[in-house]
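The sequence and the structure are shown below, and the description follows them.

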Amino acid sequence: MERDNLGFDAPAPIGHPVRASMPEGAYSGPAIGEHLPDFELPDAFGSTIRFHTDRGNSRAALVFYRSAVW
Amino acid sequence: MSYDDTKALREFAEAQRINYPLLSDQDSVVIKQYGILNTLVSKDDAFIYGIPYPGVFVCDESGRVVSKFFHDSYKKRESPETLIDAALGHIQIEDDLPQTSGGESGIAITAAIRGGDGSLRQGIIRQLIVRFRLKDGLHLYGAPVPSGLTATKVTILGPNGLHTLPTRYPPTTPLHHKTLGIDLHVWSNEVDIVVPFYPAEDLATEAEVPLQPFASIDFEVCYQACNEDACLLPQTQRFSIELPLDVVDVPGLSIHRGHGQRESDYDSTPAMRRLIWRKIRSNPLRLLKLAWKTSRLKRHAKKHQDKKKTLVE
């Protein structure tokens, strides 16, 4: 278990791509005030979700994460 | 949203009892469309290629971004309550949150920990919310203040291993001071000051199960309240809130076993096999390249640790 410079441990050595995090100054997607791009993707139960259509008039949190599997 | 296939997401949703949509972006098309593909990972990194820089966008009814949360480590993650507060535009302090109170006559202070059950887990960001309720006519100051006045400040003092993100202050309103001839920055009525924090190092690590079940968050609140005519004495009040130390819940892969992590009911081994197969189908050499890179990094780490050990001896 190697501890990185931010004080985090992980079951992979430092420098392994699984530990690669966002570098300083990197682009992080749409800014505050910008409109989120629409998209169409399948969900866990096989339905097709069209983001803005299915969201309707609701506020939403769009969470990008690495994997549910590992 | 992740690059997992729908079968993996269905199994995960069922095992973890998740009832909000999990979206499958198998070829990372939307991840790339949003511009957040992790480009530090190359195609030679086999099954890892295609992951995003993880983070969250919160949008309003029209689909416009009102908040976003991206960090310099994939380990730093917001609690779901933070996302809800960002969407609703105000912070909810429920009665059952870990909390304490203080203040003085006319100035009530409630300090609460928002996020999950307040438990400390490596990298998971909770929030210390310090809420002031002021009687009519009183105000507090935001920085900068002229010498002689005290700006409102919240500082987390401990425990060791607790890290903070920048404190969030709400916007102030200007108050013109006739005598000094300047505009002061003030808050009246109700104001929430938010200090996001997360544990790291030995306080909450994946390498070991926590030795103690609890840790105390110690913090200090400085403020000075004034009305139109006069100021009360500046105050510094200390508080402490005890929080449970938790373990990180991860998929039941052998790589995770043996560490200070709760083993969930979800065994992701079949999904992992499908992911690896899907990613190396076009170029099987990539898995060998990743295995070689991993072994080289492990050898380097071991050499570095042996060197450290020799120096210490």
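Helices (H or I, at least four residues) and strands (E, at least two) are DSSP runs, numbered from the N terminus. The model is predicted, so that local features need pLDDT of at least 70 and side-chain atom pairs count only at pLDDT 80 or more, while totals for chains, interfaces and linings use all residues. Residues are numbered from 1 along each chain as its sequence is written, and chains are lettered from A and ligands numbered from 1 in the order in which they are written.

**The contact between the chains**

Two residues are in contact if their C-beta atoms, placed from the backbone, lie within 7 Å. By this criterion, 54 residues of chain A are in contact with 71 residues of chain B. On the side of chain A that touches chain B, at least two residues each are supplied by strand 2 (9–10), strand 3 (40–42) and strand 5 of chain A. The largest share of that side, five residues, comes from strand 5 of chain A. The residues of the side of chain A that touches chain B comprise 34 nonpolar, 13 polar and seven charged. In this division Ala, Val, Leu, Ile, Met, Phe, Trp, Tyr, Cys and Pro count as nonpolar, Asp, Glu, Lys and Arg as charged, and the others, Gly among them, as polar.

A:Ile32 is located in the loop between strand 2 and strand 3 of chain A. A residue is termed buried if 20 or more other C-beta atoms, placed from the backbone, lie within 10 Å of its own, exposed if 12 or fewer, and partly exposed in between. A:Ile32 counts as exposed because it has 12 C-beta neighbours inside 10 Å. Neighbours within four places in sequence aside, A:Ile32 is in contact with B:Val65, B:Val66, B:Ser67 and B:Lys68.

**A sheet built from both chains**

Two strands pair if DSSP finds at least two bridges between them. An open sheet of three strands, paired antiparallel, has the order 5(A)-1(B)-2(B). Its edge strands, each pairing on one side only, are strand 5 (60–64) of chain A and strand 2 of chain B. From one strand to the next, the twist averages 15°. Strand 5 of chain A and strand 1 of chain B run antiparallel and are joined by five bridges. Within strand 1 of chain B, B:Phe57 stands opposite A:Leu62, and B:Gly55 stands opposite A:Phe64.

Helix 3 of chain B lies across strand 5 of chain A together with strand 1 and strand 2 of chain B, and it runs at about 25° to strand 1 of chain B. Such angles run from 0 to 180 degrees between N-to-C directions, and the axes are lines fitted to C-alpha atoms, for helices over the stretch in contact. The buried residues of helix 3 (residues 80–88) of chain B are B:Thr82, B:Asp85 and B:Ala86. Because these buried residues fall within an arc of 100° when seen down the axis of helix 3 of chain B, they line one face of the helix. The arc is that of the directions from the helix axis to the C-beta atoms. Among the elements covering these buried residues are strand 1 (55–59), strand 2 (65–70), strand 3 (77–78) and strand 6 (124–134) of chain B. After helix 3 of chain B comes B:Gly89, with a positive phi near 85°.

**Within chain B**

An automatic or database domain assignment gives chain B domain 1 (6–53 + 250–312) and domain 2 (92–246). The C-alpha centres of these two domains of chain B lie 38 Å apart.

In helix 1 (residues 6–16) of chain B, the residues B:Ala8, B:Leu9, B:Glu11 and B:Phe12 are buried. They line one face of helix 1 of chain B, because they fall within an arc of 165° when seen down its axis. These buried residues of helix 1 pack against helix 4 (269–280) of chain B.

| Strand pair (chain B) | Bridges |
|---|---|
| strand 7 (residues 139–141) and strand 11 (residues 182–188) | three bridges |
| strand 10 (residues 173–177) and strand 11 | five bridges |
| strand 8 and strand 13 (residues 214–223) | five bridges |

In strand 11 of chain B, B:Val186 is the bridge partner of B:Tyr141, and B:Leu184 stands opposite B:Leu175. Strand 10 and strand 11 of chain B form a hairpin with four residues between them, and B:Gly181 in the turn has a positive phi of about 70°.
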